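User: I have a new chain to look at. Can you put it up and walk me through it?
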Amino acid sequence: MSAATAVAADRLLALDVGTQSVRALLFDARGEQLGRVRIPIQPYVSPQPGWAENDADLYWRAIGEACRGLWALPGISPEQVAGVALTTQRGTVVVTDAEGRPLRPAMVWLDQRRTEGLPRIGGVTGLGFRALRVADTVAAFQADTEANWIRSHEPEVWRRIAHYLLLSGYLVHRLTGVFVDSTASQVGYLPFDYKRFSWVKPGAWQWQVVPVDPTWLPELVPPAGELGRITADASAATGIPTGLPLVAAAADKAAEVLGSGAVDPSVVALSYGTTATANITHRRYVEAVPLVPPYPSAIPGAWSVEVSVPRGYWMVEWFKQQFAAAEVAAAATRGVEPEALFDELVESTPPGAMGLTVQPYWSPGVRIPGPEAKGAIVGFGDVHTRAHVYRAILEGLAYALRDGTDRIARRGKVPVTAVRVAGGGAQSRAALQLTADVFGLPTATPHTFEAAGLGAAIVLAAGLGVHRDVETAAHEMTRLGAVHDPDPRVHAMYDELYERVYRRMYGRLRPLYEEIRRVTGYPTR
């Protein structure tokens, strides 16, 4: 192997297609970021309240723009690239004709439309669901499934479907010309067997919940396997050389967990993104919540056991829009993002927000919290300001993620001893220290904020043989950034608030949430 070839083998192109931006990232075999281009995109359009859609080709055009921008950076050229990996937002659905042309806008994962009045699962299976008291949960999955909505409301589109894909599968087709996807990208309302990493067997009840034709679904490849090769058309659009391998990676959360270095069940990876999550990697199948499966890990044959807070760090954006006009104006004057000033709000208030406590269920869940859930702020007094509200929001999110982490640890029977944090909120020094204090554990960020892109590059390195396997690649390519140790005194106070206040809130407030739902009809049943 020549020296030039050896250098090229260290250039790993990761494409990270998120909700608000698309990134083209270049890494070497040690996980050093060599280049980055970020293209902001419109997260979604909403033709009707609760809808979230996007032109599927918007993502493809942004990939092309990001790649072309990457090649324009000093010292970077497409000839250095040995292979490509793709990670995308989860649960965004694209339906196409036989040639792969979208038949309607992509249904973005934030879409809230539902199909009411569907017949429930019957027979012995239905009786079993009722006996286990999960019939309502299954019915909620049915109502939320995109396939049911398209079939019920757009029958002309339904008749023309030839391929039913997640955004990842659609973009793989644009890159390679084949209908194939990674097993670790299959997170959504799909007939997917999370235990076996495959489509469920014929006759399984999932086909009734998600009534797609099995022939519409893509072939599945495990992480680090080859999905296909970059086509001439894709090369013309992106500048990626024709014939380069596209290696199966994982959905963005799984890639982020890997890029955070959380490959051991004693380490929890927190994602401070639009949806805040706690993920722990297990080599055995563990359900944090009964009948809610763990998702495929970016590590072949492993699972990422997850508990989520649906609106998560979106609540920072909510706070900004509703209460932070002063910071928005000051940020414009100082030439910084408003969020950069929010740490000052946290630091101006004491831990515990003088008793103000947030239950961050601004968006309901399926099981925990249940579909009746609402958010709550309790403990107001005349001393409280919007700064206390902001601190309480961050504390409430940390409590919710600790609660999820505790649940996973109990089910998995492995105690958690360290915390990793990635996502946009991880750039807040105050949020990281607050997290360390709530958990009572050392809390660290990865060495790059592009943890999802790094995770994709790690799987790519294993797929190309740069490293022996994904675990080895993760060891070689990840390291800690900033580390925050908990303050024992502050943790003791947070621990008491968590155990004696936060963990009791949902049980005490749930009957009121049910009454609110009954009277107002929101959230819908």
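User: What pLDDT does the chain average?
Analyst: The average is 94, and 97% of the residues score at least 70. pLDDT is the predictor's confidence in each residue, from 0 to 100. This is a predicted model: local features need pLDDT of at least 70, side-chain atom pairs count only at pLDDT 80 or more, and totals for chains, interfaces and linings use all residues. Residues are numbered from 1 along each chain as its sequence is written, and side-chain values use heavy atoms, leaving out hydrogens and water.

User: Where is the pLDDT below 50?
Analyst: Over residues 1–9. That stretch has 7 contacts (heavy atoms within 4.5 Å) beyond near neighbours in sequence. Where pLDDT is low, the predicted coordinates should not be read in detail.

User: New topic. How many helices and strands?
Analyst: The chain has 18 helices and 23 strands. These are DSSP runs: helices are H or I, at least four residues, and strands are E, at least two, numbered from the N terminus.

User: And what share of the residues is buried?
Analyst: Buried residues are 58% of the 525. Buried means under 20% relative accessible area, exposed over 50%, partly exposed in between (1.4 Å probe, protein chains only).

User: Now arginine 391. Which helix is it in?
Analyst: Arginine 391 sits in helix H14, residues 386–412.

User: Is arginine 391 buried or exposed?
Analyst: Buried, with a relative accessible area of 7%.

User: What does arginine 391 touch?
Analyst: Leaving aside residues up to four places away in sequence, its contacts are Val346, Thr349, Pro350, Pro351, Gly352, Ala353, Leu434 and Tyr494.
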